[in-house]
Amino acid sequence: LHRELADWDASLPLILAEVSRARSIVIDNYVLESVPLIREALQSPLLMLERLEINGHSDTEAYLNETSFGGEWPMKLRHLTLRTCEAPTKCSAFQASLTSLEVDECSIWTSLTELLDTLSCLPHLDTFRWVDSLAYQGGGCLVDSLDVGELTEPHTKLVHLPYLESVKIRT
């Protein structure tokens with residue numbers, strides 16, 4: 001569905017009324033005014049959802065929050081791709097049984113601890129791809145801002161990801 005469609009305003013309410021039946025949702029949003037509408041669509045429980053891809057407009061726009069999916073874990077969600085948007089680490093999408101997580105230029109983690117906490121909730125993950133947004137903003141990147149001691153401290157959390165096959169991190 002593209003905003004350029006002549007019947008966009010008439011089509012969108014019909015689609016949103018049936019969004020709970022979707023198995024796959026891909027959102028390509030380049031219109032700032034659409035963010036509240038998209039956020040609202042993602043507030044209902046999406047019990048059939050297996051794949052969610054959000055291509056946002058800015059890494060300061062939050063399409064997902066703690067009440068997304070009706071505050072419930074989207075139990076069938078396996079593939080999550082977030083590009084150029086914001087998502088809190090407490091979002092229920094990060095509690096799903098994801099097998100694939102791709103995050104490009106998004107504001108999500110502010111510390112290694114937050115990143116490891118998120119990954120520790122994803123034991124079925126087989127693919128993890130992360131492009132750090134801060135590197136694109138000219139402010140360095142999360143990896144650069146880490147205290148080296150944080151990586152070597154004995155209390156550093158170990159994350160068990162027995163199915164992980166592919167990791168790509170770009171900073």
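1. Two strands are taken to pair if DSSP finds at least two bridges between them. In this predicted model, strand 1 and strand 2 (residues 51-55) are joined by five bridges and run parallel. Within this pair, Asn55 of strand 2 lies opposite Asp28.

2. The sheet as a whole is open and consists of six strands in the order 1-2-3-4-5-6, with parallel pairing. Strand 1 (24-28) and strand 6 (166-170) each have a single partner strand and stand at the edges, so one side of each lacks a neighbour in the sheet. On average, neighbouring strands are turned by 5° against each other, direction ignored.

3. Strand 4 (residues 100-106) pairs with strand 5 (residues 127-132) in the parallel sense, over six bridges. Together with helix 3 (residues 112-120), strands 4 and 5 make a right-handed β-α-β unit.

4. Strand 5 is also joined to strand 6, by five bridges, and the two run parallel.

5. Regarding confidence, the protein has a mean pLDDT of 82, and 79% of its residues reach 70 or more. Among the elements, strand 3 (residues 79-83) has the highest mean pLDDT, 96, whereas helix 4 (residues 142-145) has the lowest, 54.

Note on methods. Residues are numbered from 1 along each chain as its sequence is written. This is a predicted model: local features need pLDDT of at least 70, side-chain atom pairs count only at pLDDT 80 or more; totals for chains, interfaces and linings use all residues. Side-chain values use heavy atoms; hydrogens and water are left out. Helices (H or I, at least four residues) and strands (E, at least two) are DSSP runs, numbered from the N terminus. Axes are lines fitted to C-alpha atoms, for helices over the stretch in contact, and angles run from 0 to 180 degrees between N-to-C directions. pLDDT is the predictor's confidence in each residue, from 0 to 100. A crossover is right-handed if, with the strands pointing away from the viewer, the path from the first strand over the helix to the second runs clockwise.
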